[in-house]
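Colleague: Could you walk me through this model before I set anything up with it? I'd like the layout of the chains and then the packing.

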Amino acid sequence: MRDVAIIGVGMNKWGEVWESTLRDMFVEAALESIKDAGVDHLDGMYVGSMTPGLFVGQEHIGSMLADYLGMKGLPGTRVESACASGGLALKSAVLEIASGHSDIILAGGVEKMTDCSGDDATYALATAADQEYEVFHGATFPGLYAMMARRHMHEFGTTREQLAHVAVKNHKNGAKNPKAQYPFEVTLEGVMTSVMVADPMRILDCSPITDGAACVIVADLETAKKYTNNPAVKITGFGHATDNIALHSRDSLTCLEATKLAGERAYKMAGRKPEDIDVCEVHDCFTIAEIMVIEDLGFFEKGKGGTGAESGETHIGGRIPVNTSGGLKSKGHPVGATGIAQAYEITTQLRGEAGDRQVEGAKVGLCQNMGGSGGSTVVHIMEVV
Amino acid sequence: MFPSRPWRENPQRYRLEAQKCEKTGKVFFPPRLVAPGTLDASTLKPYNLPEDGEVYTFTVIEVPPSQFKDEAPYTVGIIELSDGTKITCQIADCEPDDIKIGMKVKIEFRRVQTHGEHGVLSYGFKAVPAIPGVTTV
């Protein structure tokens, strides 16, 4: 396998982007990443998108986006693994470069979620859960994570305050990210008194509905040197795993098995341990998700994830900074684009270009992107060369 | 919704029909064609789930999907049945504030939701307190 690096990144300003279409947002992010990398062509692209068919009634976007990028004829592949679609697009790009088949691939993600009603968006997102045995009974995504949260609180004594600390920390980081949907801070009391969605998950425990796109340019190290002076951010390991998509089929509701497996696979491939990671982006679709993920990636003992944001250990300047971009919570969560935006943030951090949210001396980073209620996970480990 | 879709699920939703693996004794609900890890489609035999269990976890849905608009707030839980199998369903006939992890429940046949503009009804199972009116663990 050849060495693979991210040599360019791009994303649009996320939010309710009423003035842009799905294709426009993608092209904006793609052009920014191509310009950043300095490349003059692509050999192919993979685009993560969870369900453009339900959100905007458009499938077949691999071809459409290649066309609107002005590259008709390019091999364009749309990749789906619910909210982990972006991470899976990156993994697909890495494999294609590593195999030697291609030298420069764009890995992107896009989701246009505000062109439909809230009810329609809720329906579209719920298709990532078990339609016949969870959604049929009235379960929603906040509801599924709420059931995990209640179990985590029951088994380990995780507190309502600890959940809120995750939102407070991520909004504090996101306030420093000009591309975030909600770049402002929230207070502990504000989170704990916000509108209840599915007890104990309140609205400020939940990531928002977002329009957005993100792209990265992936190349082999030799090709990278021809085009760019950007520090090459090498992808030294990846891991991908699946789990039951229905919560009731799992042995435990407090362990995200796919995240644990994907993490172990990525650490093994990179020859790294959790202690080696300087900065990470994890899938905080709900506050409880960040708490469980940082346990299952080995940053915290099982049951102790709640102490991360509360004690400051996961803040910028702490032992293991988590979600310096603001995470899904503050930056936004256009589902298919999230995994790529995580790679955007880690690349930015490892290049030392993260401005006010820079983690000093960051050399090794990790991204964890998760589908549904944990039914799929893709982890990448990245290191600056 | 096309009628074949809910019709196919009737054995599970109306009668809690599951499967048990003859080799490992593991129970699967809903039914599947092959027991995990075996690559052998001959080991699974019909098995009926017990109708008693306890609340494993739960949530109160305040912001519902459109087909449950008239029912919110309502409680959805995961019930651990007396044989250890876990199922997701609503918890009815009690106040959300009274529900606790470990509360004893029984599974009953109930109306679950109403589909679309024609109001087609779907039936299935819900959990209710094992002793009516008694929600303490």
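Modeller: Let me begin with chain B, whose elements run α-α-β-β-β-β-β-β-β-β from the N terminus on, where helices (H or I, at least four residues) and strands (E, at least two) are DSSP runs numbered from the N terminus. That comes to 2 helices and 8 strands for chain B. Please keep in mind that this is a predicted model, in which local features need pLDDT of at least 70 and side-chain atom pairs count only at pLDDT 80 or more, while totals for chains, interfaces and linings use all residues. As for the labels, residues are numbered from 1 along each chain as its sequence is written, and chains are lettered from A and ligands numbered from 1 in the order in which they are written.

Colleague: Fine. What box do the C-alpha atoms of chain B fill?

Modeller: Taken along the principal axes, the C-alpha atoms of chain B fill a box of roughly 45 × 40 × 20 Å.

Colleague: And which domains does the assignment give for chain B?

Modeller: Chain B has domain 1 (4-48) and domain 2 (52-129), with bounds that come from an automatic or database domain assignment. The C-alpha centres of these two domains of chain B lie 22 Å apart. Their contact takes 7 residues from domain 1 of chain B and 9 residues from domain 2 of chain B, where two residues are in contact if their C-beta atoms, placed from the backbone, lie within 7 Å. On the side of domain 1 of chain B that touches domain 2, there are 6 nonpolar, no polar and 1 charged residues; here Ala, Val, Leu, Ile, Met, Phe, Trp, Tyr, Cys and Pro count as nonpolar, Asp, Glu, Lys and Arg as charged, and the others, Gly among them, as polar.

Colleague: How many residues does each chain give to the contact between chain B and chain A?

Modeller: Chain B gives 25 residues and chain A gives 25 residues. On the side of chain B, the elements that supply two or more residues are β4 (52-61), β5 (74-81), β6 (86-91) and β7 (104-115). By class, that side of chain B has 15 nonpolar, 7 polar and 3 charged residues.

Colleague: Switching to chain A, then. What does its secondary structure come to, and what does its C-alpha trace span?

Modeller: Chain A has 14 helices and 11 strands, and its C-alpha trace spans about 55 × 45 × 35 Å along the principal axes. With 385 residues, a compact globule would have a radius of gyration near 21 Å, and the 19 Å of chain A agrees with that; the radius is taken over C-alpha atoms, and the globule rule is 2.2 Å times the number of residues to the power 0.38.

Colleague: How is chain A divided into domains?

Modeller: Domain 1 of chain A covers 4-117 + 209-233, and domain 2 covers 138-207 + 235-384. The C-alpha centres of the two domains of chain A lie 22 Å apart, and their contact takes 39 residues from domain 1 and 36 residues from domain 2.

Colleague: Which elements give two or more residues to the domain 1 side of that contact in chain A?

Modeller: They are β1 (4-11), α4 (85-98), β4 (104-112) and β7 (211-220) of chain A, and α4(A) gives the most, with 8 residues. The domain 1 side of chain A divides into 23 nonpolar, 12 polar and 4 charged residues.

Colleague: Since α4(A) came up, how does it cross α14, residues 338-351 of chain A?

Modeller: The axes of α4(A) and α14(A) come within 5 Å and cross at roughly 65 degrees, where axes are lines fitted to C-alpha atoms, for helices over the stretch in contact, and angles run from 0 to 180 degrees between N-to-C directions. That makes α4(A) roughly perpendicular to α14(A), given that angles under 35 degrees count as roughly parallel, over 145 as roughly antiparallel, 65 to 115 as roughly perpendicular and the rest as oblique. In this pair S85(A), G86(A), G87(A), A89(A) and L90(A) of α4(A) meet T338(A), G339(A), I340(A) and A343(A) of α14(A), and the contact divides into 4 nonpolar, 5 polar and no charged residues.

Colleague: What about α1 and α3 of chain A, at what angle do they pack?

Modeller: Helix α1 (residues 22-37) and helix α3 (residues 61-68) of chain A pack at an angle of about 60 degrees, with their axes 10 Å apart, and are therefore oblique to each other. Their contact is made by R23(A), F26(A) and V27(A) of α1(A) together with M64(A), L65(A) and Y68(A) of α3(A), which divide into 5 nonpolar, no polar and 1 charged.
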